[in-house]
Amino acid sequence: MNVSRLSSVAAMVLATFAISAAAQNKNPEAPPMTTGEKEIAKKIYFERCAGCHGVLRKGATGKNLEPHWSKTDKDDNKTEGGMLSLGQSRIEKIIGYGTDGGMVNFDDILTRDELSLMAKYIQHTPDVPPEYSFKDTMDSWKVIVAVKDRPTRQMNKFNLKNFFSVTLRDTGEVALIDGDTKEIRSIVKTGYAVHISRMSKSGRYVYVIGRDGRLSLIDLWMEKPGVVAEVKIGFDARSVDTSKFKGFEDTYAIAGSYWPPQYVIMDGDTLKPRKVVSTRGMTVDGEYHPEPRVASIVASEIKPEWVVNIKETGQILLVDYSDIENLKTTTIGSAKFLHDGGFDASKRYFLVAANASNKIAAVDLKTGKLAALVDTAKIPHPGRGANFVHPQFGPVWATGHLGADVVTLISTPSEEAKYAKYKAFNWKVVQEVKHVPGNLFVKTHPTSKHLWADSAQNSDKELAESVSVWNLSDLSKPVRTINVFKDSGLPATKATRRAVHPEYSADGTEVWISLWGGKTDQSAIVVYDDKTLAVKKVITDPKMITPTGKFNVYNTQHDIY
C-alpha cells in the first residue's frame, strides 16, 4: 500500500476523532442489521478486535469504539464523540486502511462485505456477554489422562529443551516442533488463537491458553505429546502461569480472563478449579471500571506469589498462593492500561507496559512495592522484553513500540559489584534505538551479540514482512534489515505475510521468525543463524496454518530473553 496514502488516511482518522459530535448530526442512527449479520460481526469482532478495543468496546491499546462516548480532561474540558459521529464510510476506511498508531489494514484480511458489516456493527450498542461462574468453570473441566496413568519418565527420545510450542492461530492448534530436526512432532488441538505457551517449573508440561478461554495442559513426556487436561476459564483470555517458588513447584496454576474480568486458580497437574477471583474495581484514577481485564501473569521465584496485571485499572496484584483458602493480595497502583512484560536479568524486578499511558511500570518482587514508573515513547509493547549489558549504561531491558519509531532501553539495577558504577542510570531511559512503528516483539539471548525486532504491525507491506537486527556493541543503526518473506521463497499474494515474534533456540544459535499470512495463504517459519544472519531452514507444512507465537521450552521455562 502507498505510504503517503496511508499517512493521509491516518491524518484524516486522527482529525476525525478530534471532531466533536456536536459538529456532526446530533442524533444519528445506527445502520440496520439483521440478527444473522450481528452474529457474524460479533464473531469477527471477538477474533480480530476485542483484544485491543475490549469486549465492551471501551478501548485500551485501541481506541474507544462505543457508539457514543465522552471524556473530561484535567481542566474539565469535555470531548464527545463515538462511532455514530464518524459514519459508515469513514469507519470502513479506518478499518480497511489501518492507522499509524499500530492498527493494521484489514483490507487484505476481511472481505469488502465484512469491512462494511464491521463498520455497521460498531455503530450499535455492544452486547454485554454473560458471566461465567465457578460452577461453569467446574462443568468445563476435563481430565483426559489421569495423573496415575501418565508416564513416570520421558517416553520419547526428543530433546525437549529445544522444543518449540508454536501457535497456529486460526485453526485452534499448537504445533510442537523439534528444534534440532525442525520436524513437527505433534499438532495438538487447543483453544482458538493460543496467546501464550508457558512451561511448568519442571519443564514437563506446557500450559497453553486460547483467546476463547480454553486452557490446555500438554504432557511432553508422552510418546506423542498431547493434551492430558483442559478447562474453560471464561469467554476470552490471554494469560497463564504456574507456581514456581521452592516447595510449591507446579502445585498450582493460574489463568486470567478478559471476560469475565477474573482469574482462576487451579491444581497444577489436573487443572481442577480451586478458586475464581473477580478483578472488577477502581482504576488508579479512582473511577469504577466494569471490564478490568487480566493481562499478563508471571510467577515470582522470590516469594510464593503471582504478579497479576489488571489492564484497565492499572493495578498490579501480588497474589500470595501459600494459602489459597485465605488468599492474600497486595495491590500496587501503577498506570493504565497494563499489558505484557518480563523480568529483568536478575529476576528481582518485573517490568510491564502500561501501553496507553506510554509508561513502563517496574515492580520489586523482593519488597513488594512499585520500583519505578518510567515514561516512554508511544504505546510500548515489549512482549517479554530483552535483557543485555549495554557497553555504556550497563544492564538494560528493552521494549519496542506499536506507536513510535524507536526501541527503548531502560537501565535496570544489579546487585553485582561490577555493575555498581551504573547505578545513577537505574530506571531511566538511557537510549532510544531508531526503528519503525508497529513493533510487537524484541528479543536477544545471553549468548548472542544481536538484538532482533519485528515490525509486524507496520502499515507498510515490506516493513511488516521484515525484521531488523542490531549489533549489541553498536546500536546506532541496524546491521541488517531482513525481508523474511523474500527469504522464505513463498509465492507472492495480495496479503501481507507479517514477520512476527523472533524466538531463540535453547543454545542461542538460531532465531525463528513466523511468517503469518491469512488462512488461505501458505505460511512458514524461517530459521536464521544468529551469528551470520543467513537462512538455515524454511519450515513449511500444509498443516501449519497462520503460525504466530513460538515458545522455546528451555528459554520459556527459565525466562531467558
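Student: Before we dig in, what pLDDT do local features need?

Tutor: This is a predicted model, in which totals for chains, interfaces and linings use all residues, side-chain atom pairs count only at pLDDT 80 or more, and local features need pLDDT of at least 70. Residues are numbered from 1 along each chain as its sequence is written, and side-chain values use heavy atoms, with hydrogens and water left out. So much for ground rules; the value for local features is at least 70.

Student: How many helices and strands are there in the protein?

Tutor: Both are DSSP runs numbered from the N terminus: helices are H or I with at least four residues, strands are E with at least two. Counted that way, the protein has 10 helices and 37 strands.

Student: What radius of gyration does the protein have, and what would a compact globule have?

Tutor: The C-alpha atoms fill a box of roughly 70 × 55 × 55 Å along the principal axes. The radius of gyration is taken over C-alpha atoms, and the globule rule is 2.2 Å times the number of residues to the power 0.38. For 561 residues that rule gives a value near 24 Å, so the protein agrees with it at 23 Å.

Student: Are helix 2 and helix 6 roughly parallel or roughly perpendicular to each other?

Tutor: The axes of helix 2 (residues 35–48) and helix 6 (residues 112–121) come within 9 Å and cross at roughly 95 degrees. Axes here are lines fitted to C-alpha atoms over the stretch in contact, with angles from 0 to 180 degrees between N-to-C directions. Under 35 degrees counts as roughly parallel, over 145 as roughly antiparallel, 65 to 115 as roughly perpendicular and the rest as oblique. The two helices are therefore roughly perpendicular.

Student: Which residues of helix 6 make the contact?

Tutor: Contact means heavy atoms within 4.5 Å. Helix 2 brings Glu37, Lys38, Ile40, Ala41, Lys42, Ile44 and Tyr45, and helix 6 brings Glu114, Leu117, Met118 and Tyr121.

Student: Which strand gives the largest share of the lining of the largest cavity?

Tutor: On a 1 Å grid over the protein atoms alone, a cavity is a set of points where a 1.4 Å probe fits but cannot get out, and lining residues have an atom within 4 Å of a point. The structure holds two cavities of 30 Å³ or more, and about 100 Å³ of space lies in the largest cavity. Among its 13 lining residues, His195, Arg238, Ala295, Ser296 and Asp340 are closest to the centre. The largest share, four residues, comes from strand 17.

Student: Where is proline 260 found?

Tutor: Most peptide bonds are trans. Tryptophan 259 and proline 260, though, are joined by a cis peptide bond, with omega about -15 degrees. Proline 260 sits in the loop between strand 12 (252–259) and strand 13 (262–267).

Student: What is omega for the cis peptide bond of lysine 336 and phenylalanine 337?

Tutor: Phenylalanine 337 lies in the loop between strand 20 (328–333) and strand 21. The cis bond joining lysine 336 to phenylalanine 337 has an omega of about -5 degrees.

Student: And what is phi of lysine 182 near?

Tutor: Most residues other than glycine have a negative phi. Lysine 182, in the loop between strand 5 (173–178) and strand 6 (184–189), has a positive phi, near 65 degrees.

Terms used
On a 1 Å grid over the protein atoms alone, a cavity is a set of points where a 1.4 Å probe fits but cannot get out, and a pocket is an open set with protein on both sides within 12 Å along at least five of seven lines; lining residues have an atom within 4 Å of a point. Grid points are joined across faces, edges and corners, and a volume is the space filled by probe spheres set on the points.
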